[in-house]
Amino acid sequence: MRRLLTLTVPVILLTVLMAAPAQAKAISHVELTGPGLSALIVVKPGSQARDNRLNSLRTGTAAHAALYRGLPQAFGARPKGRLGPCYRLEWYGPPGDTLALTQYVYPYAKRGPVVHTPRQSGAVQHGWLRAPSYVKSTLHTLGLPKKPSATARCHL
């Protein structure tokens, strides 16, 4: 029994350690557009700060949950109340840096940031998500205005 454990545990650990970086690379970058931004904001990996921002957005918006089967259900019904201006997140990934997922984020919603993932090709989950507050902070570090500009409607 001990010999079996000695052989099995390293194989399982190796499989897990090799799978984590592969999944982390599945989304190569994100593009952000919306009101009050002077230009398209592109977040690609490259430095520790950029990697952290990309991972914060990917985690906080549940982008992986929308793309991969087997992850817990992250999305639900639209929250009540005013959401404020809408910003579009376009997630890109392999093959060939193609558009993988479109999400809409409402960082100025009254009770905290909200993300909407509409039905779309390639998405296995869709709906609304009340995002963690760090999503708004991350967007601010990328150039989002500190105060909302004129409310803009998203094209859903």
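Tutor: A definition to begin with: two strands pair if DSSP finds at least two bridges between them. Helices (H or I, at least four residues) and strands (E, at least two) are DSSP runs, numbered from the N terminus. This is a predicted model, where local features need pLDDT of at least 70 and side-chain atom pairs count only at pLDDT 80 or more, while totals for chains, interfaces and linings use all residues. Residues are numbered from 1 along each chain as its sequence is written, and side-chain values use heavy atoms, with hydrogens and water left out.

Student: Thanks! Which residue stands opposite Leu89 in strand 4?
Tutor: That is Gln103. Strand 3 (residues 87–93) and strand 4 (residues 98–106) run antiparallel and are joined by seven bridges.

Student: What about the hairpin of strand 3 and strand 4, how many residues sit between the strands?
Tutor: There are four, and Gly96 in this hairpin has a positive phi near 65 degrees.

Student: And how does strand 4 pair with strand 5, and over how many bridges?
Tutor: The pairing of strand 4 with strand 5 (residues 114–117) is antiparallel, over three bridges. Here Tyr104 stands opposite His116 in strand 5.

Student: Zooming out, how many helices and strands are in the protein?
Tutor: Four helices and six strands, and along the sequence the pattern reads α-β-β-α-α-β-β-β-β-α.

Student: How much of the protein is buried?
Tutor: Of the 156 residues, 40% are buried. Buried means under 20% relative accessible area, exposed means over 50%, and partly exposed is in between (1.4 Å probe, protein chains only). The accessible surface comes to about 9500 Å², with 59% of that belonging to carbon and sulfur atoms. Those areas come from the Shrake-Rupley method with a 1.4 Å probe, and for residues only the protein chains shown count as cover.

Student: Which residues touch the most other members of the largest nonpolar core?
Tutor: In that core of 27 residues, they are Val30, Leu32, Leu57, Tyr87, Trp91, Val105 and Leu139. At least two residues each come from strand 1, strand 2 (41–43), helix 2, helix 3 (63–67), strand 3, strand 4 and helix 4 (134–142). Helix 3 gives the most, with four residues. A second, separate core has seven residues, including Cys86, Tyr104, Tyr106 and Trp128. A nonpolar core here is a set of buried Ala, Val, Leu, Ile, Met, Phe, Trp, Tyr and Cys residues joined through side-chain atoms within 4.5 Å.

Student: What is Leu57 in contact with?
Tutor: Leaving aside neighbours within four places in sequence, Leu57 contacts Val30, Trp91, Val135, Thr138, Leu139 and Leu142. Contact means heavy atoms within 4.5 Å. In helix 2, Leu57 is buried along with Leu54, Arg58 and Gly60.

Student: Why does the span of helix 2 agree with its 13 residues?
Tutor: The expected span is 1.5 Å times one less than the number of residues. For residues 48–60 that should give 18 Å, and the end C-alpha atoms are 18 Å apart, so the two agree.

Student: Now helix 4. Which of its residues are buried?
Tutor: Val135, Thr138, Leu139, His140 and Leu142. Their cover includes strand 1, strand 2, helix 2 and strand 4.

Student: Why is His140 counted as buried?
Tutor: Because its relative accessible area is 16%. A polar atom of the His140 side chain lies 3.3 Å from the backbone oxygen of Pro145. Not counting residues up to four places away in sequence, His140 touches Tyr108, Pro145 and Lys146.

Student: Last one: is Arg130 buried or partly exposed?
Tutor: Arg130, in strand 6 (residues 127–130), counts as partly exposed because its relative accessibility is 32%. The Arg130 side chain reaches the backbone oxygen of Arg111 at 3.5 Å and that of Gly112 at 3.3 Å. A polar contact is a pair of N or O atoms within 3.5 Å; within protein, one must be able to donate a hydrogen and the other to accept it, and residues adjacent in sequence count only if both atoms are side-chain atoms.
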